[in-house]
Structures are given as C-alpha cells and as structure tokens.
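Subject: Structure handover

Hello,

My notes follow below it.

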Amino acid sequence: MTPDTTQASSDLDAATIEVIRNYLTSAAAEMQRTLVRTAYNTVVYEILDFGISMYDADLNLIADSPGLALFLGANDGAIEKAVDYVGKENLDPGDVLMLNYPYWSGTHVLDMCLMSPVFYEDEIVGYTTCRAHWLDLGAKDPGYVLDSTDMHQEGVIFPGTKVYKGGDPDEEILDIIRFNSRIPDKVVGDLHAQVSSLQTGNKRLRELYGKYGEGAVEEAIDTVIDHGEETAREAVADLPDGTWTGVDYADGVGRDPDDGIRVQADVTIDGDEFTVDLSGSADEVEEPLNIPRGMTETICKLCFKTVTTPEEDSNGGQYRPLEVIAPEGNVFNAQYPAPTFTVWTAITGIDVIYKALAKAMPDRVPAASGGEPVGVQIYGEHPDTGEMFVEANNDAVGWGATRTQDGENALMHISETMVRNVPVEVFENKAPVRLQRLELREDSGGTGTHRGGLGTRRDYEFTEPTGALSILQRSRSPGWGHEGGGPGARNVVVVDADDPDEERISVLVDNDYLYDADDGKRYAGMMRGDFEPGETLSVRTGGGGGVGDPTDRDPGAVREDVVDGYVSRDVAREEYGVVVTDDGEIDWDATEARRS
C-alpha cells in the first residue's frame with residue numbers, strides 16, 4: 001500500500017490521531033508478549049521483571065507496556081545517555097545498544113537495558129527499549145549483592161555497547177557475557193528475547209509510518225504529547241498549593257538497627273508546577289543502597305502520575321510539569337563509584353513522597369503500604385543437572401487503608417505495578433525447595449476505622465544444600481497509619497523458628513545473623529546464608545497502615561475479620577474494643593464496656 005503523503009498536517013482528524021495513539025500502545029503490548037514468550041528466566045516470564053518503552057526521534061516517550069514501574073521512567077534517561085554516548089550519526093538499521101552503567105541506565109547493573117533505532121526511508125524515526133533483569137553477570141556474589149562498597153563489585157559494565165550490528169549479533173560481546181555469568185545460557189537467552197521484543201516494536205513502528213505517512217504519524221505523536229502535558233497541568237492546577245514534607249528511614253546493611261538512612265521528600269505544588277525535592281535525604285552511603293538519578297526521577301514520575309493522569313496511557317508530555325531536585329552526592333543522585341545494587345531506598349522514597357502528599361490530599365492518598373517488594377533468591381548447584389541455578393521470587397504486601405475502605409490484602413507494592421510472583425509449582429520445579437506455607441499474615445494490617453491490608457507469610461524448606469538471600473526493607477520502621485490509624489506490621493525474615501515474636505527485628509551484619517538475647521531465635525531483614533536440608537526460611541511481609549480510630553470500626557466488621565483469620569481475638573479486644581466469643585459471636589455487653 002502506498003502511503004498518503006499528500007494529507008496536510010492541519011487536516012489530520014481526531015479519529016486518526018486516536019488510531020495512531022492506540023496503534024503505538026498496541027505495539028508496546030506486542031513487544032511485551034514477544035519477550036514473555038521467548039525469555040529463559042522465570043524472573044522475566046513469570047515475575048514480569050522488565051520495562052518496555054517506545055520513543056520518537058527526539059526521544060520523547062510515546063508508548064510503554066506495564067511491567068516494573070521502576071524501569072519505565074528509568075528508560076527515559078537511559079535512551080538519552082546511550083544515544084549520546086554512541087552518537088545518533090553512528091547508528092545503523094539493525095543495531096542494538098546494551099547499557100547497564102547504573103549512573104546512566106538508572107537502575108542496578110543486572111537490569112540490562114537494550115535499545116534499538118527504528119529507521120524509515122533511511123532516517124531514524126524512533127527508538128524501542130526493553131529493560132529486563134538478568135540473574136547473573138559477573139558480580140562478586142550470585143544473586144543480589146548485599147554488601148558491595150563500589151560499583152565494580154556489582155558486575156560487568158556496558159556503557160551503550162553495540163551487541164547487535166546491522167542486525168547480526170557481535171559474538172565477541174556475547175562471549176564476554178558468557179564468560180562472566182554463572183548461568184550463561186539463560187542470560188544470553190534473555191538477551192536474544194529482548195532483541196526479539198525490540199524487533200517486534202521496530203516492525204510495528206515502520207508499518208505505522210508506511211500506512212499513514214511520516215507527516216501524519218509525527219503530527220499525531222506531537223498532538224498526543226502536547227495533550228498529555230495539557231491534561232497533566234490541568235490536574236496539577238486542581239491540587240492544593242503548598243509545600244509538604246515526608247520523612248522516613250530506609251534500612252541500612254551492617255549498621256546499628258536504629259541508624260537508618262534518612263529519606264526526606266519536600267513536595268511543592270505551585271499552580272501547574274509540581275516539584276519533588278529530595279535534598280533533605282542522607283548523603284551517599286557505603287552500602288549498595290544509593291540511587292541513580294534515573295531511578296529517582298522514576299519514583300517521582302510514578303507518584304506524580306498517580307495523582308494527575310492515572311487512567312491515561314503514559315507519554316512524555318505528562319511529566320513536563322514535574323521537577324525533581326536531588327543534588328549530586330545525595331543518596332538519590334549516586335555518583336561513580338558509589339554502590340547502587342540494592343536499590344530499595346527508592347521504594348522508601350515512593351512511600352515518603354506519598355506521606356508528604358497525604359498531608360495535602362488525605363482523601364486521595366492512602367496510608368502507607370507494607371513496604372517494598374519483599375524478595376528471596378535461591379542459588380547453588382542444582383541436584384538434578386549439576387549446573388548452577390539462580391531463582392528469584394517476590395511476595396505481596398498489605399496496602400494502606402483510605403478514609404472510605406480497608407486496604408487491599410496481599411498486593412504487589414505499587415512500584416511493581418503488573419509484576420507477579422512465581423507459582424509454587426514452578427518454583428519447586430526450578431529450585432530444591434518445598435513451599436510449606438503461603439497464607440495471609442494475621443494481625444499484620446494496621447488497626448483503624450478502616451483496617452490496613454494484610455501481608456503474607458511464605459515458608460521455604462530446603463531439600464538440598466542451598467544458598468539463599470533475602471531482599472527487603474521496612475524491617476525496622478513500620479508503615480504509618482493516618483488520623484489515628486495504627487501502623488502495619490514490619491517486613492521480616494525468620495530463620496528456623498516456628499512461632500517467633502515477629503516484632504523483634506535485626507539485620508545482616510558481616511554475613512552473620514543477629515540473635516535475639518531472649519529466645520535464641522534468628523531474625524533478619526536483608527540477609528544471605530547457606531542452608532542445609534530440612535532448614536527453613538520464613539518470609540513475612542508487612543501490612544498496610546490503618547485510617548481512623550480503631551474503636552470507631554463497625555463491630556460487625558471486626559467480628560468478620562476475626563472469623564476470617566485477619567485479626568486475632570486478642571487484637572479485636574485490646575485494639576478495637578470488640579469482644580468475640582469462642583463460637584465467633586460478639587459479646588455485646590463486654591464490647592460496650594471496653595469501648596466506653
């Protein structure tokens with residue numbers, strides 16, 4: 001079909017613009033399906049630990065596909081850095097760039113960002129980007145690196161390297177990857193899956209240009225982006241003006257449990273401008289908890305979008321009213337060679353931004369969630385194959401309550417959007433473990449007129465000698481409630497304990513567990529250890545904060561929570577003032593006495 005290039009830009013109708021916009025969104029979704037169908041690792045095809053974006057020739061975001069929210073905004077900065085490093089004039093059809101230098105890519109070293117130019121009639125008309133988490137690439141330890149002190153301990157670095165040239169893989173680059181990975185076949189397999197995803201997007205974008213013509217497509221894109229900015233500015237203008245501050249502390253590694261990393265967000269709304277200033281946060285730290293500028297912009301974009309244009313597909317125009325301030329050397333603007341591997345400080349940053357916004361718009365912002373994505377990785381020599389394996393899983397947390405309803409139970413943290421955990425049957429097939437328990441965690445939701453959502457408990461029993469590590473924050477400071485609501489439970493990992501006191505928390509120090517002096521049981525937040533057959537590791541995720549005075553909660557709702565196993569009879573009596581009998585009924589006289 002010959003494209004209609006005679007159509008004047010002023011004649012482009014709204015219906016055509018909408019068709020082109022939806023075509024781009026559909027193309028990004030098809031990129032995602034291609035990646036999921038062809039990926040080698042469960043972290044990609046089960047968990048959906050990736051981010052896919054499409055850009056125009058000027059590097060404006062024109063479409064993306066849901067995955068890990070922390071990747072999508074980071075892709076914006078990564079594509080700019082990679083194209084600038086290589087030079088637009090040095091790009092050819094079929095080229096694929098590979099970037100994981102954290103200060104440019106915006107995330108840690110194992111989040112490999114691949115990107116490709118899209119050519120139409122010998123000119124670059126756009127770019128496709130696919131970032132996915134690789135499970136191993138030359139880091140000093142398998143899985144996550146929990147105690148690195150500089151970037152060079154965290155993996156092999158590629159600054160925007162051409163891994164495909166003119167459509168053909170560079171075998172020398174692939175050999176570097178193979179010889180620096182403990183699981184080379186799976187890592188290279190995921191690389192090729194990402195390339196397939198890029199090729200899918202490139203094909204669809206070229207088809208779009210071929211059908212409508214360059215002028216029509218680019219006018220439609222410009223219109224969509226400008227409309228995105230206009231809509232976002234209108235939404236910001238409808239918000240109250242002022243400055244609000246949120247503060248919390250991220251867990252450290254190898255430091256005193258009371259010495260957390262300060263995270264402060266000052267949010268200012270002024271007319272149609274929205275500013276997030278993180279200057280009050282801690283300076284860079286020695287642990288791998290520093291955040292690259294790209295991820296800092298991502299968490300701010302995430303929070304900004306949820307209060308401005310949450311129902312609309314993303315495009316670059318929607319973020320033009322947003323300004324992000326994070327000075328160099330701040331924990332939210334890491335500089336070489338600061339370690340950045342364990343990026344969970346960013347998750348605390350999301351919650352702190354919402355904490356500030358809740359002061360401005362309590363009707364729109366819920367209480368705190370149960371913290372960040374709680375992850376476990378298991379690694380070692382597989383007993384069936386004799387080969388090295390690395391498998392990852394993550395768990396849901398409780399979400400915070402609002403003024404009108406309870407928080408949701410067992411949802412992925414908002415930073416993970418469409419991310420899932422690995423089904424029990426799949427995980428047991430991939431790693432030498434048995435999943436002994438997966439259930440909601442009683443009493444983990446914060447008390448309130450509206451109760452916080454519950455976290456979960458997942459117990460792993462090891463069937464072979466295996467290494468394992470946990471990746472979690474919010475093991476010290478619980479998520480906050482609003483307006484008299486109670487905090488949710490903390491995240492915690494419990495090692496070899498049947499029923500420990502879950503409120504006694506400790507962290508990894510010099511690769512050893514801290515022991516509780518009273519009962520001798522072992523507790524940890526972020527930890528790494530070696531396990532023998534029969535030993536267990538229990539991951540217990542945090543709950544959301546409550547909203548309102550718990551003694552104002554409907555007694556019937558409290559009774560239902562007790563019957564459902566969400567709230568214990570003790571908490572119902574002591575916190576909610578509702579006495580539930582052994583047969584699950586309300587003792588109204590005792591309840592009146594307690595509530596009065």
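Ser 53 stands opposite Asp 64, a residue of β2. Bear in mind that this is a predicted model. β1 and β2 pair in the antiparallel sense, over 4 bridges. Their hairpin has 4 residues between the strands, and Leu 59 takes a positive phi near 70° there. Of the 5 residues of β2, 5 are buried, so the strand is largely enclosed by the rest of the structure.

**First sheet**

The two strands belong to an open sheet of 7 strands. Its order is β2-β1-β5-β4-β3-β6-β7, with antiparallel pairing. β2 (61–65) and β7 (168–169) are the edge strands, and each pairs on one side only. β4 (residues 111–120) and β5 (residues 123–133) run antiparallel and are joined by 10 bridges. Leu 114 has Cys 130 in β5 as its bridge partner.

Two helices lie across strands of this sheet:

- Helix α1 (residues 14–38) lies across β1 (50–56), β2 and β5, and runs at about 145° to β1.
- Helix α3 (residues 69–86) lies across β1, β2, β3 (96–99), β4, β5 and β6 (159–165), and runs at about 55° to β1.

**Cores**

In soluble globular proteins, nonpolar side chains tend to be buried together. Here the largest nonpolar core has 136 residues. Which residues have the most contacts inside it? They are Met 98, Ile 177, Leu 191, Phe 274, Ile 378 and Leu 537. Apart from this core lies another, of 21 residues, including Leu 91, Leu 97, Met 151 and Ala 334.

Take Leu 191 from the largest core. Neighbours within four places in sequence aside, Leu 191 is in contact with Met 98, Leu 114, Trp 134, Val 163, Tyr 164, Leu 174 and Ile 177.

**A helix pair**

Two packed helices are described by the angle between their axes and the distance between the axes. For helix α6 (residues 184–212) and helix α7 (residues 214–237), the angle is about 115° and the axes are 6 Å apart. The range for roughly perpendicular is 65 to 115 degrees, so α6 counts as roughly perpendicular to α7. On the α6 side, Leu 208, Tyr 209 and Tyr 212 make the contact. On the α7 side, Glu 214, Ala 216, Val 217, Glu 218 and Ile 221 do. By class, the contact has 6 nonpolar, no polar and 2 charged residues.

Another open sheet has 4 strands, in the order β8-β9-β10-β11, and its pairing is mixed. β8 (242–250) and β11 (322–325) stand at the edges with a single partner strand each, so one side of each has no neighbour in the sheet. On average, neighbouring strands are turned by 15° against each other, direction ignored. β10 (residues 273–277) and β11 run parallel and are joined by 4 bridges. In that pair, Thr 275 has Glu 323 of β11 as its bridge partner. Helix α9 (residues 345–360) packs on the sheet and touches β8, β9 (261–270) and β10. The direction of α9 makes about 145° with that of β8.

**One more residue**

Is Thr 296 buried or exposed? Thr 296 sits in helix α8 (residues 293–306). Buried means under 20% relative accessible area. Thr 296 is at 0%, so Thr 296 counts as buried. Beyond its neighbours within four places in sequence, Thr 296 is in contact with Leu 278, Ile 291, Val 324, Ala 326 and Phe 332.

Best wishes

Key: Residues numbered from 1 in each chain as written. Predicted model: local features only at pLDDT ≥ 70, side-chain atom pairs only at ≥ 80, totals over all residues. Heavy atoms only, no water. Buried < 20%, exposed > 50% of the residue type's maximum accessible area, 1.4 Å probe, protein only. Contact = heavy atoms within 4.5 Å. Pairing = 2+ DSSP bridges. Axes fitted to C-alpha atoms, helices over the stretch in contact; angles between N-to-C directions. Core = buried A, V, L, I, M, F, W, Y, C linked by side-chain atoms within 4.5 Å. Parallel < 35°, antiparallel > 145°, perpendicular 65-115°, else oblique. Nonpolar A, V, L, I, M, F, W, Y, C, P; charged D, E, K, R; others polar.
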